[in-house]
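User: I've got a chain open on my screen and a few things to ask about it. Can we go through them one by one?

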Amino acid sequence: MFRGNHPAKIDEKGRLKMPAAFKALVDAQNVTQFFVTSTNGKRAEIYPLPEWEKREEKLARASSLDDAVEEYLNLVNFYGQQVEMDNQGRLLLPPILRTKARLDAEVAVLGKGLHIEVYNLEMFEKEMPAGGMSDDRRKRVAEILSSE
């Protein structure tokens, strides 16, 4: 499970060096292939390829006439590319996504359980709620965590 924030930099060629904590997890599973995509163009979502393939299998079982599935597939394939981690632990982010999400310098690399999200650090910090979570959202999370 990917957890935490690991600030990093995108190099001049558009590569992200996988944070050591995350690299150890993928190395333990012998994963070198990833699917890098986005559903909104504001962040990169990095899935180990085996995790992404599980999502694809679920979507394949859905109706091809489902507009939500069609929209999702259009977005993730427009922004997405399958990439391989190089020997130095770097992943090349797709150019369209790098440009749209401004992933060209300092980034926040957040663990989101089964995948990693990469945000332009400056933009991410600006969008963070100044006072933290709203009471309504905090209550919603509390309900989720207290349910069995």
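User: How far apart do the centres of the positive and negative side chains lie?

Analyst: First, a caveat: this is a predicted model, where local features need pLDDT of at least 70, side-chain atom pairs count only at pLDDT 80 or more, and totals for chains, interfaces and linings use all residues. Residues are numbered from 1 along each chain as its sequence is written, and side-chain values use heavy atoms, with hydrogens and water left out. Counting Lys and Arg as positive and Asp and Glu as negative, without His or the chain ends, and placing each charge at NZ of Lys, CZ of Arg, CG of Asp or CD of Glu, the chain has 22 positive and 24 negative side chains. The centres of the two sets are separated by 4 Å.

User: How many residues of α6 are buried?

Analyst: Buried means under 20% relative accessible area (1.4 Å probe, protein chains only). Across the chain, 37% of the 148 residues count as buried. Helix α6 covers residues 135–146 and lies largely in the open, because the number buried among its 12 residues is zero.

Key. Buried < 20%, exposed > 50% of the residue type's maximum accessible area, 1.4 Å probe, protein only. Helix = DSSP H or I, 4+ residues; strand = E, 2+ residues; numbered from the N terminus. Expected span 1.5 Å × (residues − 1).
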